[in-house]
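Here are my notebook entries from an afternoon with this model.

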Amino acid sequence: MIEIAAQAHGFGARVQGVDLSRPLTPDALATVKDAFTRHSVIFFADQALAIEDLERLTLELGAFGEDPFIAPMDGHAHVMEVRREADEKTLVFGAAWHSDWSFQASPPAATILYGEVIPPVGGDTLFADGYRAFEALSATMQAMLAPLRAVHSARRAYGPRSAYATDARPRSMKIEVSPEAEKSIVHPLVRTHPESGRKALFVNPVYTVGIEGMEAEEASAILNFLFAHMTQDRFVYRHHWAAEMLIMWDNRCALHTAEGGYDGHRRVMRRTTLAGERPV
């Protein structure tokens with residue numbers, strides 16, 4: 001029997017009673033999908049998964065997303081290895097609030113991350129709830145934001161002048177900075193989730209670089225307020241990792257950031273994304 005143990009505020013839940021190393025039954029798949037829609041971040045402990053299991057699970061839930069700028073694992077075109085060796089000094093991958101690949105025309109609906117090697121200290125992942133952050137705003141602010149369209153770009157993270165491009169220290173992960181990262185796309189600042197029907201703020205400090213039709217200073221004032229608002233403790237779920245744990249989160253309504261704090265320890269994760277739809 002599958003059991004769902006949710007956080008008090010409903011954002012984030014543990015799913016128990018399912019073995020992800022085996023194909024999900026139709027009933028189990030429906031339960032997992034429902035829990036994901038309701039809680040936005042769900043995790044499964046004690047799951048001994050091969051890479052092939054991770055790939056199969058992803059395809060049971062949907063189609064693979066497209067993952068740019070990071071080289072995939074050899075022989076596994078849709079699996080990224082998030083690796084950091086004990087002696088690495090480079091920036092921790094993903095260590096800033098973001099929604100994965102929001103600069104794409106159709107950003108990934110979800111990200112799935114599996115803990116292969118987990119350090120004894122540090123390495124938490126934090127998630128921020130875009131639903132409750134939007135709902136907590138005044139009706140006046142909600143009405144002002146509703147028609148706005150935010151500009152997204154990968155240039156700060158993966159462009160020729162990004163931090164990754166200028167950091168020459170050895171890194172385990174192969175990050176492919178590119179002029180392609182300079183491109184931009186526009187999405188609704190407030191998007192409606194296609195399954196839950198709820199509205200969520202859809203901006204993030206890494207990839208949101210402006211607001212359509214606004215001067216930079218005007219856009220910065222609004223965006224900086226929203227970034228600080230969204231990441232208040234009351235909207236954040238802090239996830240503590242263990243080996244053989246799998247977590248999946250909804251990029252359409254949640255931000256996340258990776259913490260460091262495990263220098264001197266090796267950390268290895270495996271990651272896939274689920275294809276999404278164009279935000280509306």
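**Entry 1**

I began at Ala128, whose bridge partner in strand 12 is Val236. Strand 6 (residues 125-129) and strand 12 run antiparallel and are joined by four bridges. I took strands as DSSP runs (E, at least two residues) and helices likewise (H or I, at least four), numbered from the N terminus. Two strands count as paired if DSSP finds at least two bridges between them.

Before going on, I noted that this is a predicted model, where local features need pLDDT of at least 70, side-chain atom pairs count only at pLDDT 80 or more, and totals for chains, interfaces and linings use all residues. Residues are numbered from 1 along each chain as its sequence is written, and side-chain values use heavy atoms, with hydrogens and water left out.

Next I looked up the whole sheet: it is open, has three strands in the order 12-6-14, and its pairing is antiparallel. Strand 12 (236-239) and strand 14 (254-258) are the edges; each has a single partner strand, so one side of each lacks a neighbour in the sheet. On average, neighbouring strands here are turned by 20° against each other, direction ignored. For such angles, axes are lines fitted to C-alpha atoms (for helices over the stretch in contact), and angles run from 0 to 180 degrees between N-to-C directions.

I then found an open sheet of three strands in the order 8-7-11, with antiparallel pairing. Its edges are strand 8 (184-188) and strand 11 (208-211), and each pairs with a single strand, so one side of each has no neighbour in the sheet. From one strand to the next, the twist averages 35°. Strand 7 (residues 149-153) is joined to strand 11 by three bridges, and Ala150 has Ile211 as its bridge partner in strand 11.

**Entry 1: salt bridges**

I counted 23 salt bridges (a side-chain nitrogen of Lys or Arg within 4 Å of a carboxyl oxygen of Asp or Glu). I picked three to look at.

Asp53 and Arg56 meet at 3.8 Å, N to O. They sit three residues apart in helix 2 (residues 51-61), separated by about one helical turn. Asp53 is buried at 16% relative accessible area, where buried means under 20%, exposed over 50% and partly exposed in between (1.4 Å probe, protein chains only).

Arg169 and Asp167 meet at 3.0 Å, N to O. Arg169 is partly exposed at 42%, whereas Asp167 is buried at 19%.

Which parts of the chain does the pair Arg252 and Glu195 link? Their side chains form a salt bridge at 3.1 Å, N to O. Arg252 lies in the loop between strand 13 (246-250) and strand 14, and Glu195 in the loop between strand 9 (190-192) and strand 10 (199-201), 57 residues apart. Arg252 is buried at 5%, while Glu195 is partly exposed at 48%.

**Entry 2: a cavity**

Last, I looked for cavities: on a 1 Å grid over the protein atoms alone, sets of points where a 1.4 Å probe fits but cannot get out. Points are joined across faces, edges and corners, and volume is the space filled by probe spheres set on them. I found one cavity of 30 Å³ or more. The largest cavity has a volume of about 90 Å³.

Its lining residues (an atom within 4 Å of a point) include Val82, Glu88, Phe93, Met173 and Tyr262. Strand 4 (residues 80-84) gives the largest share of the lining, three residues. By class, the lining holds six nonpolar residues, no polar and five charged. Here Ala, Val, Leu, Ile, Met, Phe, Trp, Tyr, Cys and Pro are nonpolar, Asp, Glu, Lys and Arg charged, and the others, Gly among them, polar.

Key
On a 1 Å grid over the protein atoms alone, a cavity is a set of points where a 1.4 Å probe fits but cannot get out, and a pocket is an open set with protein on both sides within 12 Å along at least five of seven lines; lining residues have an atom within 4 Å of a point.
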